[in-house]
Amino acid sequence: MNALTLTPAERQQIDQGAWFSRLSEPLRNDILQRAFVRRLPDETMLSHRGEPAEEWTAVAKGAVRVSSVSLAGKQISLTYVEPGTWFGDIALFDGLPRTHDAYAHGETTLLSVRKADFRALLQTHSELYDALLRLNCRRLRLMFDMIEDLNTRPLAARLAKQVLLLARSYGVQEGDEIRIGLQLAQEDLAQLLGASRQRVNQELKAFEREGAVRVEPTRLVVLSREKLLAAASR
């Protein structure tokens, strides 16, 4: 890969990704040499459920919305893949089709490695097997945490935790405030939390009254991390 194909900010997101930054320098360089850059407008479909997996991908800018379709035919957002995160390796390992749809959320830059190059990396760097195993163990732990939260914690606590996670991944510090750069409607938040939009709206209004957040159209601004942390621990 020609490093100039990524902007400095995009390259920084890749280089500083929590998983990628822990790889050895030879492996990082080999991945980057085999990767290519894709810049996509909002709502571009990356892949759809049931199709064969052809690429391993990292987000360098923007986000990727992973979604499914309900029995009623409604599209449901399940998660948003943040900058610096690699995904798509599971289907390349097991050879099974993609399990969900994936769309660009906002203007998005991706760094992708084709399936043949991914397999070549595995053959050349045994380190990559261990690194991907650790990555998928972390994903599994997070999934168990999410299931536990969904079954044991009230919506207010889950919402506060989700807002804190969004602030960590997409937050822009503006004085004492943190503006979440990812554009999300309350319906999107509700889908992530397995709740109705009306209940999420009620909880956000309660957070506003407490001085924890400010709700703007399609944006959230964190006013007090401490108050959100307190709400998340209830």
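Reader: Is Q191 buried or exposed?

Author: Q191 counts as buried, because its relative accessibility is 15%. The classes are buried (under 20% relative accessible area), exposed (over 50%) and partly exposed in between, with a 1.4 Å probe and protein chains only. The model is predicted: local features need pLDDT of at least 70, side-chain atom pairs count only at pLDDT 80 or more, and totals for chains, interfaces and linings use all residues. Residues are numbered from 1 along each chain as its sequence is written, and side-chain values use heavy atoms, with hydrogens and water left out.

Reader: Where is Q191 found, and what does Q191 touch?

Author: Q191 is found in helix α7, residues 186–193. Helices (H or I, at least four residues) and strands (E, at least two) are DSSP runs, numbered from the N terminus. Contact means heavy atoms within 4.5 Å. Leaving out residues up to four places away in sequence, Q191 touches K74, Q75, I76 and S77.

Reader: Why is α7 largely enclosed by the rest of the structure?

Author: Count its buried residues. Seven of the eight residues of α7 are buried, so the helix is largely enclosed by the rest of the structure. They are Q186, D188, L189, A190, Q191, L192 and L193.

Reader: Which elements do the buried residues of α7 pack against?

Author: Their partners are β4 (75–81), α5, α6, α8, β9 and β10 (219–222).

Reader: Where is E43 found?

Author: E43 is in the loop between β1 (36–40) and β2. E43 counts as partly exposed, at 41% relative accessibility.

Reader: Next, salt bridges. How many does the structure hold?

Author: The structure holds 15 salt bridges. The test is a side-chain nitrogen of Lys or Arg within 4 Å of a carboxyl oxygen of Asp or Glu. Take D30 and R34: their side chains meet at 3.1 Å, N to O. D30 and R34 are four residues apart in helix α2 (residues 25–34), so about one helical turn separates them. D30 is buried, at 14% relative accessible area. R34 is partly exposed, at 25%.

Reader: How many residues apart are K115 and E54?

Author: K115 forms a salt bridge with E54, and the closest N and O atoms are 4.0 Å apart. The pair is 61 residues apart and links distant parts of the chain. K115 sits in helix α4 (residues 115–124), and E54 in the loop between β2 (45–47) and β3 (55–69). Both count as partly exposed: K115 at 24% relative accessibility, E54 at 42%.

Reader: Which parts does the pair E210 and R234 tie together?

Author: E210 forms a salt bridge with R234, with 3.8 Å between the closest N and O atoms. E210 lies in the loop between α8 (197–209) and β9 (213–216), and R234 in the segment after α9 (225–232), so the pair ties together parts that are 24 residues apart in sequence. E210 is partly exposed, at 34% relative accessible area. R234 counts as exposed, at 55%.

Reader: Which residues are linked in a network of salt bridges?

Author: E174, E177, R179, R214 and E216 are linked in this way.

Reader: And surface patches. Which residues gather in a patch of positive charge?

Author: Patch members have over 30% relative accessible area and no salt bridge; like charges are joined within 9 Å, nonpolar side chains (Val, Leu, Ile, Met, Phe, Trp, Tyr) within 5 Å. Lys and Arg count as positive, Asp and Glu as negative; His and the chain ends are not counted. Each charge is placed at NZ of Lys, CZ of Arg, CG of Asp or CD of Glu. Here R22, R134, R138 and R168 gather in the positive patch on the surface.

Reader: Where is R168?

Author: R168 is in helix α6, residues 155–170. R168 counts as exposed, at 63% relative accessibility. The C-alpha atoms of R168 and I180 are separated by 8.6 Å, with the two residues twelve apart along the chain.

Reader: What makes the nonpolar surface patch?

Author: L140, M143, F144, M146 and I147 make a nonpolar patch of about 470 Å². Accessible areas come from the Shrake-Rupley method with a 1.4 Å probe; for residues, only the protein chains shown count as cover. One of the patch residues, M146, is found in helix α5, residues 126–152. M146 is partly exposed, with a relative accessible area of 48%.
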